[in-house]
Amino acid sequence: MAREVESILVGVDVSKAELVIARNDTDQIETIQNNVTAIRRWLKSIPSGSKVAMEATGIYHRQLARRAHEAGHELFLLDAYKLSHYRDGIGTRAKTDLADARLILRYLSRELDELKPWVPPHDAFYRVQSLMRRRAALVQTRVALSQSLKDLPGLKQVARQLDQHIHRIEQLIARRIKETLVEVGWYADAQRCDAIEGVGELTSMSLANTFHRGRFKSSDAFIAYLGMDVRVRDSGTQRGRRKLTKKGDPELRRLLYNAAMAARKTAAWKGLYDTYVSQGLKPIQALVKLARKLARIAFALMQNQATYQPKTGS
């Protein structure tokens with residue numbers, strides 16, 4: 001009877017061109033090209049059911065993550081912020097691809113019980129996220145050009161035409177986002193969110209897309225994924241400064257903040273916003289707290305497949 005090959009732990013440092021790999025069954029470091037052919041070949045060389053960890057790096061980790069998951073391995077995407085502080089905590093001075101691969105392997109080995117396996121999202125999630133980010137880039141470009149050209153003599157009409165053209169492209173992207181959500185059956189959730197005072201169509205579509213990224217156990221998990229949870233640093237009697245973790249999509253946080261700015265002017269939410277300010281929060285802090293409140297309500301509506309009941313004010 002053939003002896004069963006034990007699974008191994010693997011730490012991978014990801015870059016656009018290469019994957020630097022450290023394994024717990026050997027001291028040797030392996031480097032392969034970050035392409036489908038090389039990844040598939042390498043995955044066949046490791047025992048089935050192995051545990052592979054890597055830092056989430058924009059889009060460059062996606063190919064390995066998806067292929068490894070399809071091959072039956074457990075995937076763990078590590079938070080860059082936590083990994084950086086882990087490096088400082090253990091006194092590692094070197095910051096190289098080789099050192100990072102070993103650091104990731106060490107983190108996986110020691111923190112495995114606390115890590116949550118990665119589950120691949122629907123392809124539509126990445127499509128919508130990419131469209132949202134491209135639209136955001138267009139908005140920034142349009143605003144920058146408008147401010148830059150407004151004082152130049154003889155360019156007022158041209159600048160207005162350019163602004164209108166870019167705005168039309170933004171609308172086309174928004175339409176494409178809606179079509180994608182309709183196609184995969186997520187648009188009904190966007191409509192649930194859109195009913196909340198202050199939450200517009202783009203924000204609601206982004207919330208629905210993020211909700212369907214994976215299964216969130218609670219609204220707290222959803223808020224943490226958005227990067228809108230608060231990092232607490234207290235020691236003894238000293239109360240440290242509270243900051244958002246900002247781990248999630250910055251575009252959705254921006255949209256939620258804008259939604260809070262709109263919501264505070266409505267009868268439904270003005271009273272709550274004023275309460276936050278009267279409690280000593282600065283206007284920006286109050287808006288962030290209101291944005292978090294709106295996100296929690298959106299999560300509850302989608303989680304329970306409920307219809308929003310408009311608030312009458314307070």
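Colleague: How much space lies in the largest cavity?

Modeller: Bearing in mind that this is a predicted model, the largest cavity holds about 40 Å³ of space. A search of the whole structure finds one cavity of 30 Å³ or more.

Colleague: Which residues line the largest cavity?

Modeller: The lining is made by Arg142, Leu145, Ser146 and Leu149, together with Ala159, Leu162, Asp163 and Ile166. The elements that give two or more residues to this lining are helix H5, which covers 123-149, and helix H6, which covers 156-184.

Colleague: And how do those lining residues divide into nonpolar, polar and charged?

Modeller: Five residues of the lining are nonpolar, one is polar and two are charged.

Colleague: Changing topic to the strands, what does S4 pair with, and how many bridges join strand S4 to strand S5?

Modeller: Strand S4 (residues 51-55) runs parallel to strand S5 (residues 74-78), and five bridges join the two. If you want to find the pairing in the structure, look for Lys51, which stands opposite Glu74 in S5, and then for Glu55, whose bridge partner in S5 is Leu78.

Colleague: Where does S1 come in, then?

Modeller: Strand S1 (residues 9-14) is joined to S4 by four bridges, and these two strands also run parallel. Within that pairing, Gly11 has Ala53 of S4 as its bridge partner.

Colleague: Which helix makes a β-α-β unit with S4 and S5, and is the unit right-handed or left-handed?

Modeller: That is helix H2 (residues 62-70), which together with S4 and S5 makes a right-handed β-α-β unit.

Colleague: One more helix, please: how far does H12 reach from its first C-alpha to its last?

Modeller: Helix H12 (residues 283-304) has 22 residues and reaches 32 Å from its first C-alpha to its last, which is close to the 32 Å expected at 1.5 Å a residue.

Colleague: What follows H12?

Modeller: H12 is followed by Gln305, and the phi of this residue is positive, near 50°. Most residues other than glycine have a negative phi, and Gln305 has its positive value although it is not a glycine.

Note on methods:
Residues numbered from 1 in each chain as written. Predicted model: local features only at pLDDT ≥ 70, side-chain atom pairs only at ≥ 80, totals over all residues. Heavy atoms only, no water. 1 Å grid on protein atoms, 1.4 Å probe; cavity = no way out; pocket = protein on both sides within 12 Å on 5 of 7 lines; lining within 4 Å. Points joined across faces, edges and corners; volume = space filled by probe spheres on them. Nonpolar A, V, L, I, M, F, W, Y, C, P; charged D, E, K, R; others polar. Pairing = 2+ DSSP bridges. Right-handed = clockwise from strand over helix to strand, strands pointing away. Expected span 1.5 Å × (residues − 1).
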